[in-house]
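Have the viewer open and follow along.

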Amino acid sequence: MVLAEGRSDVAILEPGFALLYPHLKDLVRFMDFTYRPVGGAGPLASALRTFAAAGIANRVVGLFDNDTAGCDALRALRPDTLPANLRALRYPDLELARRYPTIRPPTCDAPEGRQEHADINGAACSIELYMGRDLLVRENGSLPPVQWRSFVPGMNRYQGEITNKAAQQQAFQTKVRTATDSPSAMATQDWSGLQAICETVLTAFH
């Protein structure tokens, strides 16, 4: 069983896994958000603790975003605090994210809106960053910047969010339809980010 922070994560992970590992898709079950569970890093951490307390026997992987909120929630979920059949992991680091355009937050010494490049691994890598470079790169060759938002004291850094998330998610659905209708099209698409997440799930108990 794979638990994620939100509905959009599952809407991307589930079809991505089915396309990348069709022979394994019946062995992995993703969290069903039709029952409207509360989303977010905090509720996901609470769900894992509840599973541990209930003695759930299934192998369960809790996947957190590779951002500040996810890292903050993971601090209290060390491996020694969970039974052997539960894993709390975050999305793997991305090479693309090591030098990514960001919009800095307002500070006393700099105006809001100034753009600069930063390593956003562990600070702003939500599922949209893993949908493929072919979806991220815009017509002019640039990448949609990350906007720094709330400051998380426990991590001593800001939480970031990619701009224009809805358009990225919609483009991914088109990408999935193309790959479903013509599997050979996957060779021309970038699935490396989602493949890295899937491998994280598949090797979680190795």
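## Thr-68 and its neighbours

Not counting residues up to four places away in sequence, Thr-68 touches Gly-122, Ala-123, Val-152, Met-155, Arg-157, Tyr-158 and Gln-159. Thr-68 is found in helix α3, which covers residues 68-74. Is this residue buried or exposed? Thr-68 counts as buried, because its relative accessibility is 0%. Please keep in mind throughout that this is a predicted model.

## Helix α1 alongside α5

Two packed helices are described by the angle between their axes and the distance between the axes. For helix α1 (residues 7-20) and helix α5 (residues 165-181), the axes come within 11 Å and cross at roughly 20°. That angle makes α1 roughly parallel to α5, because angles under 35 degrees count as roughly parallel. The crossing of α1 and α5 is left-handed.

Which residues make this contact? From α1 come Ser-8, Ala-11, Ile-12, Pro-15 and Leu-19, and they meet Gln-169, Phe-172, Gln-173, Val-176, Ala-179 and Thr-180 of α5. By class, the contact of α1 with α5 has seven nonpolar and four polar residues, with no charged ones.

## A closer look at Val-176

Val-176 is found in helix α5. Its relative accessible area is 10%, so Val-176 is buried. If you leave aside neighbours within four places in sequence, Val-176 is in contact with Pro-15, Leu-19 and Trp-191.

Val-176 and Pro-15 are 161 residues apart in sequence, and their C-alpha atoms are 7.2 Å apart in space.

## Helix α1 across α6

Now turn to another partner of α1. The axes of α1 and α6 come within 10 Å and cross at roughly 85°. That makes α1 roughly perpendicular to α6, because the angle falls in the range of 65 to 115 degrees. On the α1 side, the contact is made by Ile-12, Leu-13, Gly-16, Phe-17 and Leu-20, and on the α6 side by Leu-194, Gln-195, Ile-197, Cys-198 and Leu-202. The contact of α1 with α6 divides into eight nonpolar and two polar residues, and no charged ones.

## The buried side of α6

Which residues of helix α6 (residues 192-202) are buried? They are Gly-193, Leu-194, Ile-197, Cys-198, Thr-200 and Val-201. These residues lie on the same side of α6, because they cover an arc of only 155° around the axis. An α-helix has 3.6 residues a turn, so residues three or four places apart point the same way.

What covers the buried residues of α6? The cover includes the strands β1 (2-4), β2 (60-64) and β4 (86-90), along with the helices α1 and α5.

## Phe-17 and Phe-30

Phe-17 lies in helix α1 and counts as buried, because its relative accessibility is 2%. Beyond residues up to four places away in sequence, Phe-17 touches Pro-22, Leu-24, Lys-25, Val-28, Phe-30, Cys-198 and Leu-202. Phe-17 and Gln-195 are 178 residues apart in sequence, with 7.8 Å from C-alpha to C-alpha.

Phe-30 lies in the loop between α1 and α2 (41-54). With a relative accessible area of 10%, Phe-30 is buried. Its contacts, not counting residues up to four places away in sequence, are with Val-2, Val-10, Leu-13, Glu-14 and Phe-17. For a distance in another direction, the C-alpha atoms of Phe-30 and Gly-70 are separated by 18 Å, and these residues are 40 apart along the chain.

## Two asparagines with positive phi

Asn-156 sits in the loop between β8 (146-152) and β9 (157-162), and its phi is near 60°, a positive value in a residue other than glycine. Is Asn-156 buried or exposed? Asn-156 counts as exposed, because its relative accessibility is 60%.

Asn-164 is placed in the loop between β9 and α5. Although it is not a glycine, Asn-164 has a positive phi of about 60°. Asn-164 counts as exposed, with a relative accessibility of 53%.

Notes:
Residues are numbered from 1 along each chain as its sequence is written. This is a predicted model: local features need pLDDT of at least 70, side-chain atom pairs count only at pLDDT 80 or more; totals for chains, interfaces and linings use all residues. Side-chain values use heavy atoms; hydrogens and water are left out. Axes are lines fitted to C-alpha atoms, for helices over the stretch in contact, and angles run from 0 to 180 degrees between N-to-C directions. Helices (H or I, at least four residues) and strands (E, at least two) are DSSP runs, numbered from the N terminus. Angles under 35 degrees count as roughly parallel, over 145 as roughly antiparallel, 65 to 115 as roughly perpendicular and the rest as oblique. A crossing is left-handed if the near helix is turned anticlockwise from the far one by less than a right angle, and right-handed if clockwise. Contact means heavy atoms within 4.5 Å. Ala, Val, Leu, Ile, Met, Phe, Trp, Tyr, Cys and Pro count as nonpolar, Asp, Glu, Lys and Arg as charged, and the others, Gly among them, as polar. Buried means under 20% relative accessible area, exposed over 50%, partly exposed in between (1.4 Å probe, protein chains only). The arc is that of the directions from the helix axis to the C-beta atoms.
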